[in-house]
2 protein chains.
Amino acid sequence: MKKFMNTAESMVAESLDGFVRAHEELVVFSAERKCVRRKDLARGKVAVISGGGAGHEPMHVGFVGRGMLDAACTGHVFTSPTPDQIVNAIEETDTGAGCLLIVKNYDGDVMNFEMAAEMAAGTHRIETIIVRDDIDTDGATRSHGRRGVSGTVVIEKLLGAAAESGMGLGELKLLGEALSPRIRTMGVALRGVTVPDTQRITFSLADGEMELGVGIHGEPGHMREAFTPADDIVARLCENVIADLPSQGRQNALLFVNGLGGTPPAELYLAYGIARRLCEAADFRIARSLVGTYVTSLDMAGLSVTLALLDERELKLWDDPVATAALRWGA
Amino acid sequence: MKKFMNTAESMVAESLDGFVRAHEELVVFSAERKCVRRKDLARGKVAVISGGGAGHEPMHVGFVGRGMLDAACTGHVFTSPTPDQIVNAIEETDTGAGCLLIVKNYDGDVMNFEMAAEMAAGTHRIETIIVRDDIDTDGATRSHGRRGVSGTVVIEKLLGAAAESGMGLGELKLLGEALSPRIRTMGVALRGVTVPDTQRITFSLADGEMELGVGIHGEPGHMREAFTPADDIVARLCENVIADLPSQGRQNALLFVNGLGGTPPAELYLAYGIARRLCEAADFRIARSLVGTYVTSLDMAGLSVTLALLDERELKLWDDPVATAALRWGA
């Protein structure tokens, strides 16, 4: 295992420290560095908070800033943040309009965010959205039901923009729940990852193998198959994603090809070109696109394809200004 | 070798096709797809053109757009674009104020851009800036003297912003030459890369080894050494970069940690934190920062550190609005 790190114990703190220093115009650490929060809080808007294990950067800290998240809590690698961290994020960012917690569907995350919401409930109004965008995950080892994976970026951007525009807590919750069934993702890995603490590779793939249906914690996927040309791989992802969406074609969609950490932009764009052709052949109108490394699984070689069916209001929320480390436009 | 591709012959064209489709609001292909150019050309400004081999994405196509490049020509993997492509870029983007060619110092690139400039000289005013930001490269195999590496991003951003603000061709040339000695870069690789055409790995590193002083074409670096903790690796890079700059400390600088393709954001931020501490200890004032995967060497695991000494006018040019696929702010 060769990674740019000093010790497994210090790597998350050191990486976050570098992140905050690199983006000090956008973010600050909260008290005792329990979370990373937006530098200039907007008074009177709902605070949007997310978090999860480390190892998925730039998610979620890279989405803290105007038009997206107000705070992000980071746990250790592939480990939920503690309820204490999440309560701190709530206390530091709730300016009176309440808090929306965006939680990826993993048992540890769901439990700790729930516990934090209970602890803070006496003094804060809180709603929670659970992200479950992965295609139907039989035998998922860390969640009940669909996992939250790269579709999280879409949810956080749209709800962040809606909160910034003044939408209230109840309406945000309804919007999040309405979006959820219309966002689907499937991933593929060409190489497993080594978790620094254990120094163990999560799964090993031979030269001629790939793993389909992977999540973002190095857990094995649904199927191990022979490695094939990109046309075939991307077709497998798109077919599953499209089949798992509630309606077919003739709709505006956002197409998002996400790198899992070890795959370079040139390969992501090549995959995007294939996915775009396939989605258009299935009669979807690709109205917006995102290609890049936004939700990682350490340095995994692999990618995921996310398709999100969005109406006109949601496309406008996608276009709204955003100023974060990882997503920035119009601001 | 597992990469998301179909054939070695088609991969560059397919990747560029995906890129242009993903960013169709910013860029278009020129005639016969010889280059990628800005969708809405600004009349009356100097056209800024760059290019080079494929395999370095998002450079250069990712820097085409308002406030940076007007066109980028892409050759095959690690191979210069042809003079014909470059002439096409000149013809498609020169609106009367002349063209500035930004060329990384590799023999093939320098020769082909020079030939294109000669071919177009009868009908276009042309100046050329050669980027040579690598630390002193003894035994470089592809260039005479210092190679052009990630510092290219800084040159292209600053000259692009200056051209956008109306600076004339002669003044742009002077600014580029003044910047050149104040930008230095050094890279390290933890894993070599396999070039798709040859299916050969460029250099092999054992588990406990790293390669210091690498370029971006898989050529070996200066030194092969035992792999060490990040503190030591980043110190080696920073020491060499600082020693190779014309003046020491007490100056505004831009610090740029660049991923070479296979290194995830979490590791880049960790390295940034170390580099920042070391540069500040050497009395540089880190006025601007950039952390991310901008100049790649296929899927190489590795990174580079660039330090650029910038005056107030140049910092302002860095801050000027830019709207490209890879760099975007203020627009």
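1. Let's start with strand β14 of chain A. A:A301, A:L303, A:V305, A:L307 and A:L309 point one way, A:G302, A:S304, A:T306 and A:A308 point the other way, and all are buried (under 20% relative accessible area with a 1.4 Å probe, protein chains only). β14(A) covers residues 301-309, and nine of its nine residues are buried. Strands here are DSSP E runs of at least two residues and helices are H or I runs of at least four, numbered from the N terminus.

2. A word on the source: this is a predicted model, where local features need pLDDT of at least 70 and side-chain atom pairs count only at pLDDT 80 or more, while totals for chains, interfaces and linings use all residues. Residues are numbered from 1 along each chain as its sequence is written, chains are lettered from A in the order in which they are written, and side-chain values use heavy atoms, without hydrogens and water.

3. What sits beside β14(A)? Strand β7 (residues 183-191) of chain A pairs with β14(A) in the antiparallel sense over eight bridges, and A:V188 has A:L303 as its bridge partner. Pairing requires at least two DSSP bridges between the strands.

4. On a 1 Å grid over the protein atoms alone, a cavity is a set of points where a 1.4 Å probe fits but cannot get out, and a pocket is an open set with protein on both sides within 12 Å along at least five of seven lines; lining residues have an atom within 4 Å of a point. There are seven cavities of 30 Å³ or more.

5. The largest cavity has a volume of about 170 Å³. Its lining has 18 residues, with A:A266, A:E267, B:M11, B:S15 and B:E57 nearest the centre. α7 (265-281) of chain A and α1 (11-22) of chain B each give two or more residues to this lining, and α1(B) gives the most, with five.

6. The second largest cavity holds about 130 Å³. Its 16 lining residues include A:M11, A:G55, A:E57, A:L298 and B:A266, which lie nearest its centre. Here α1 (11-22) of chain A and α7 (265-281) of chain B each supply at least two lining residues.

Methods. Buried < 20%, exposed > 50% of the residue type's maximum accessible area, 1.4 Å probe, protein only. Points joined across faces, edges and corners; volume = space filled by probe spheres on them.
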